[in-house]
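Please consider the following points while examining the structure.

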Amino acid sequence: MHEPVPSRREPQILTVTEPVTRDTATELVARVDRLAVSTPVVIDLTAIPDFDTDGAAALVGLQESYGPERVTIVGLRQATARLIGIDDQMAAHAPEQRTASGWVVREMRAIAVVQTMDDLQRNTDDLEPVLDQALATGAAIVVVDLRRATVTRPGLEAIAFASSTAALRGQELLVVNVDAAMGERLRHAGLSATTYVAPEPLLD
């Protein structure tokens with residue numbers, strides 16, 4: 001006689017509709033701790049009206065401490081795009097700094113976006129000085145858009161170093177438009193708690 005296989009518990013969805021600060025994150029940590037160990041948790045940040053570095057870092061730290069199988073964070077990239085007002089027209093008219101290596105840094109409000117120049121395919125061998133340039137703008141959030149980039153080992157190391165630099169300076173680093181395999185490589189590259197990897201596109 002076969003024993004019944006325990007059914008997998010449905011995830012508990014925690015929808016956040018208030019600004020994400022350190023206090024908010026502390027409350028969420030307490031709520032996750034109160035749930036059963038076998039219950040997966042999804043923290044939905046899509047509707048947040050604001051967030052700060054301390055709050056975002058604490059949530060990412062929560063995910064790392066429990067593991068992605070237990071805690072999933074969704075909606076951060078959508079909330080970021082909405083809060084800072086990114087759209088295609090703004091990106092097209094944003095001040096930009098072009099580099100000889102085929103990358104461009106665009107500055108939009110409190111964000112700096114690193115992208116390939118003229119939407120051409122590039123590799124990331126020369127990404128480090130471009131990331132330094134973006135971080136030096138002082139933007140609260142630096143987005144690394146790898147949509148048309150082939151990520152090489154030097155590029156992976158550059159992103160990991162930029163992640164540490166951003167954390168020390170109180171900046172957020174969002175790495176977007178990577179496939180699932182590269183997303184896993186990035187998550188295992190020793191990124192800081194203030195770096196977020198989003199495989200899906202930043203701009204829908």
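**Note on a buried leucine and its core**

1. In this predicted model, Leu131 has a relative accessible area of 1%. Because this value is under the 20% cut-off, Leu131 counts as buried. The residue belongs to helix α5, which covers residues 127-136.

2. Which residues does Leu131 touch, apart from its neighbours within four places in sequence? Its contacts are Val114, Val144, Ala158, Ile159 and Ala162. Val105 lies 26 residues away from Leu131 in sequence, yet the two C-alpha atoms are 8.5 Å apart in space.

3. Leu131 is also among the residues with the most contacts inside the largest nonpolar core, together with Val114, Leu146, Ile159 and Leu186. This core has 28 residues. At least two of its residues come from each of β5, β6, α5, β8, α6, β10 and α7. Helix α6 supplies the largest share, six residues. In soluble globular proteins, nonpolar side chains tend to be buried together.

4. Beyond its neighbours within four places in sequence, its contacts include Trp103, Val105, Leu127, Leu131 and Val144. A second core, separate and made up of 26 residues, includes Ala25, Val32, Val41 and Ala79.

5. Helix α6 may be checked for its length. At 1.5 Å a residue, its 17 residues should span 24 Å; the end C-alpha atoms are 24 Å apart, so the two values agree. Buried residues of α6 include Ala158, Ile159 and Ala162. After α6 comes Gly170, with a positive phi near 75°.

Note on methods. Residues numbered from 1 in each chain as written. Predicted model: local features only at pLDDT ≥ 70, side-chain atom pairs only at ≥ 80, totals over all residues. Heavy atoms only, no water. Helix = DSSP H or I, 4+ residues; strand = E, 2+ residues; numbered from the N terminus. Buried < 20%, exposed > 50% of the residue type's maximum accessible area, 1.4 Å probe, protein only. Contact = heavy atoms within 4.5 Å. Core = buried A, V, L, I, M, F, W, Y, C linked by side-chain atoms within 4.5 Å. Expected span 1.5 Å × (residues − 1).
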